[in-house]
Amino acid sequence: MIRPLLMATGLLAAAPAFAQAGGEPARDPTRTEVWTPVPATVATPVGRAPSDAIVLFDGKDLSAWESEQGGRVPWRVDDGALTVVPGSKGIRTRQRFCDIQLHVEWRSPSATAGFDGQNRGNSGIFLQDLYELQVLDSYHNPTYANGQAGSIYKQAMPLVNASRAPGEWQAYDIIWKAPRFSQGGGLISPARITVLHNGVLVQDDTMLAGRTEYIGAPSYAPHDCAPISLQEHDSKVSYRNIWVREL
């Protein structure tokens, strides 16, 4: 009998609160409505870049790119895909970027015999030419976790491995916040990145410790906006449907 009595007592205690809430005068909802400024309209056609995006590669046009050494892009374009030519060096955008939303689709080679670890489908997307989001065939291909697909190379492992099988198209959707430096060259705020790999969150507002280094700890040096680069790493990785929105 004790438990029902306690429940009844609780209901009686709550009754004045309900009565008080019901007795409040109605509030004007328009006081919390914001009508201006009106957000710009962005068209989002299925399978195509948003209307306010800069299309970097549409399957044919390479005018947005150049070799990392300057001059003509040395990679091959076939069937709407841009494919690395091993030994030809990387490529970079002619335009420089800071804060961006970036969409990139990529495919590692379907032939994997004789390749494993970092030698299987290796490439990379460099933000501001300095910070690498790793591209790698990480489908049943063990390697160090901060070097697999979806990692910020040698800094941050992905939250999960969302890799598809070799030869299948994959997608990265990236939000990049550039680092800020003072006029004297000091770091005000580090770079941050959010990445979805095939629609799955793998980097969640990750803070970078500095530029990508193969050997040694990362660190910052002041710089301005810079190109987006795609790495040539001796593997015939393909890219398509690349677009960017400046934030």
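Two residues are said to be in contact when heavy atoms of theirs lie within 4.5 Å, and with that in mind you can begin with the whole chain in view. Of the contacts in this protein with a separation of 6 or more, 63% are between residues 24 or more positions apart.

The model is predicted, so local features need a pLDDT of at least 70 and side-chain atom pairs count only at pLDDT 80 or more, while totals for chains, interfaces and linings use all residues. Residues are numbered from 1 along each chain as its sequence is written, and side-chain values use heavy atoms, with hydrogens and water left out.

Switch to a cartoon view, where the protein has 1 helix and 15 strands; these are DSSP runs, helices being H or I of at least four residues and strands E of at least two, numbered from the N terminus. If you then show the surface, the accessible area is about 14,200 Å², of which 55% belongs to carbon and sulfur atoms, as calculated by the Shrake-Rupley method with a 1.4 Å probe. Of the 247 residues, 40% count as buried, a word that stands for under 20% relative accessible area, with protein chains only taken into account.

Next, select Leu82, which sits in strand β4 (residues 81-83). Leu82 is buried, with a relative accessible area of 0%.

Now move to the aromatic rings, of which the structure holds 6 pairs; rings of Phe, Tyr and Trp (its six-membered ring) pair if their centres lie within 6.5 Å, and planes under 30 degrees apart count as stacked, over 60 as edge-to-face and the rest as tilted. Select Tyr131 and Trp176, whose ring centres are 5.3 Å apart and whose planes meet at 40°, so the pair is tilted. Tyr131 belongs to strand β8 (residues 131-135) and Trp176 to strand β9 (residues 170-177), 45 residues apart. Tyr131 is buried at 2% relative accessible area, and Trp176 is buried at 1%.

Conventions
Buried < 20%, exposed > 50% of the residue type's maximum accessible area, 1.4 Å probe, protein only.
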